[in-house]
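Here is a friendly walk through one chain, meant to be read with the viewer open. Take a moment to look at the fold before reading on.

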Amino acid sequence: MSLLKRLKFGITENVIDKIVNILFRFFEPILFINFLGVSYYGEWLVIFTIPAYLLMSDIGYVVIGINQINMLVERKKYRDANLIANKTFSTILIFNLVFSLLFFLAFFYLNKLGAFNLNSISNEEFNKCLLIFICFIFLSQLNGFLQRLLACIEFYHLEIRLGYIYRIFEILGFAVAMYMGFKAVGIALSLLFVNFIFLFVNYIFLKSRTDLFKFKYDVDFTYIKKHFEKGVFSMAFPIGNAIKNQVTLMVIGSLIGPVAVVITNIYLTISRIPSIYTGLSDGVLKIELAKLYISKNIAKLKTLFTINLIFTFLFAIGSIFILTFAGQFLLKFWVGDSVPYIFNVFIIFLIYGIFNCLFISSANIQFSTNNFVKIAKLYLVFNFFYIIILFILIKNFGLIGIPVSFLFIELILFLSALNITMKIININFLYIMKSFFSLSILKMVLQKLNVFRN
């Protein structure tokens, strides 16, 4: 299958995936607010950030392993690819056993000390949810690993398809649980049940498409030690996101209240609508950029990266322009009058959405080729400063301090990621600007896409 066809199939499936995810994000607040109320929904959002921490239990070895497998398959080193798959699979098992216990103890005592400021969700419910989340994340990691292997053998579109089918069953599980009168524990159990079913589904799909991967327990401590630094720094992104999300919700909840937590969550969701494009393109592009990088096809690599960055910017600007005028109507249609529309806060969140997209597209080649250590270090440092900035701005300016904090940090992250990537692929900002201000961007794209037909 040609690169152009893989991009076409991958993006097509991503279109459906984004539609499903938008619908999921649309119906989730409606379900929770209708069945459980705004305050309870705010507290559920606080505890549901915990799985983001638990995702760190693989210490980044899934990301590192998948990137290696993808490049080994491209070089037709299938035996080595299977070996790395077994080492990655075994590493997941070991680290989950160790870190699940540590995470349980940490969050158990944090809740006991009142760090999450929960009123509607009891300590007993919290502890049960925590145990369920540990099992849920372990199954999620295994499911994600199996799906990503499909992408490595040129079935990226199937990885995405299985992902959005899972999301459909997830929202149905939420709906059934709440309709039956369950609250936090029942909702968490619905997630666990759906993941258990999909573990079998993903395995069957993988085995039906290839006989390359024959799984067996193969712990290699030399392999673990060799990739430990990259593994640790790959965790900068889930750690940074988890800390950022958790601290944001905790600070907002304690200084402004649970309604402000819901406002922030809803506004952030809308501001990330421009990321529809990055979600459509960057997943498949990461795979293809890695293949071009390992095969030293630099000309195609530069072209594909530049086209994607230009399209990201254009789509983000267009989306923000539409949302500026349609945002109030969208918000009212979505959640009625339960979440207020605050124009200046909303607009700053939208601008943040532009730079969030550009950061993702600028850094995708670093993530896919295991060259992410430098941006990972910067990501951790900048998110540490974000916490300080957030606290200061909320104390002094209230709600508007939240989007300003998001925007400032995301702008710095984008510029840093772009600078690192330009050095990796040996281009400069002038090259990007010349491509952008060509007489006909569409003509340039059509001409360059012909390069990818073979």
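Is Ser362 buried or exposed? This is a predicted model, and in it Ser362 has a relative accessible area of 0%, so Ser362 counts as buried. The residue sits in helix α15, which runs over residues 343-368. Setting aside neighbours within four places in sequence, Ser362 is in contact with Phe305, Leu309, Phe414, Ala417, Leu418 and Thr421.

**The chain as a whole**

The chain holds 19 helices and zero strands. Of its 454 residues, 56% are buried. Take the contacts between residues at least 6 apart in sequence: 84% of them join residues at least 24 apart.

The largest nonpolar core has 131 residues. Those touching the most other members are Trp44, Ile47, Ile69, Phe174, Ile266 and Tyr267. Helix α6 (residues 123-152) supplies the largest share of this core, with 14 residues. For Ile47, leaving out residues up to four places away in sequence, the residues touched are Leu118, Ile121, Phe126, Cys129, Phe133 and Ala184.

**Two helices side by side**

Next, a helix pair. Helix α4 (residues 61-74) packs against helix α5 (residues 78-112) at an angle of about 170°, and their axes are 9 Å apart. Angles over 145 degrees count as roughly antiparallel, and α4 and α5 are therefore roughly antiparallel to each other. On the α4 side, the residues that meet α5 are Tyr61, Val62, Gly65, Gln68, Ile69, Leu72 and Val73. Their counterparts in α5 are Tyr78, Asp80, Ala81, Ile84, Ala85, Thr88, Thr91, Ile92 and Phe95. By type, the residues of this contact divide into eleven nonpolar, four polar and one charged. Ile69, one of the α4 residues in this contact, is also among the core residues that touch the most other members.

**Helix lengths and what follows them**

| Helix | Number of residues | Span between end C-alpha atoms | Expected span |
|---|---|---|---|
| α16 (residues 373-397) | 25 residues | 35 Å | 36 Å |

The buried residues of α16 are Val373, Ile375, Ala376, Tyr379, Phe382, Asn383, Tyr386, Leu390, Leu393 and Ile394. Here a point of helix geometry is handy: an α-helix has 3.6 residues a turn, so residues three or four places apart point the same way.

Thr264 belongs to helix α12 (residues 258-271). With a relative accessible area of 2%, Thr264 is buried. Beyond its neighbours within four places in sequence, Thr264 is in contact with Thr248, Ile252, Phe349, Leu399 and Ile402.

Ile317 has its place in helix α14 (residues 298-335). Its relative accessibility is 38%, so Ile317 counts as partly exposed. Ile317 and Gly353 are 36 residues apart in sequence, while their C-alpha atoms lie 9.5 Å apart in space.

Note on methods
Residues are numbered from 1 along each chain as its sequence is written. This is a predicted model: local features need pLDDT of at least 70, side-chain atom pairs count only at pLDDT 80 or more; totals for chains, interfaces and linings use all residues. Side-chain values use heavy atoms; hydrogens and water are left out. Axes are lines fitted to C-alpha atoms, for helices over the stretch in contact, and angles run from 0 to 180 degrees between N-to-C directions. Helices (H or I, at least four residues) and strands (E, at least two) are DSSP runs, numbered from the N terminus. Angles under 35 degrees count as roughly parallel, over 145 as roughly antiparallel, 65 to 115 as roughly perpendicular and the rest as oblique. Contact means heavy atoms within 4.5 Å. Ala, Val, Leu, Ile, Met, Phe, Trp, Tyr, Cys and Pro count as nonpolar, Asp, Glu, Lys and Arg as charged, and the others, Gly among them, as polar. The expected span of a helix is 1.5 Å times one less than its number of residues. Buried means under 20% relative accessible area, exposed over 50%, partly exposed in between (1.4 Å probe, protein chains only). A nonpolar core is a set of buried Ala, Val, Leu, Ile, Met, Phe, Trp, Tyr and Cys residues joined through side-chain atoms within 4.5 Å.
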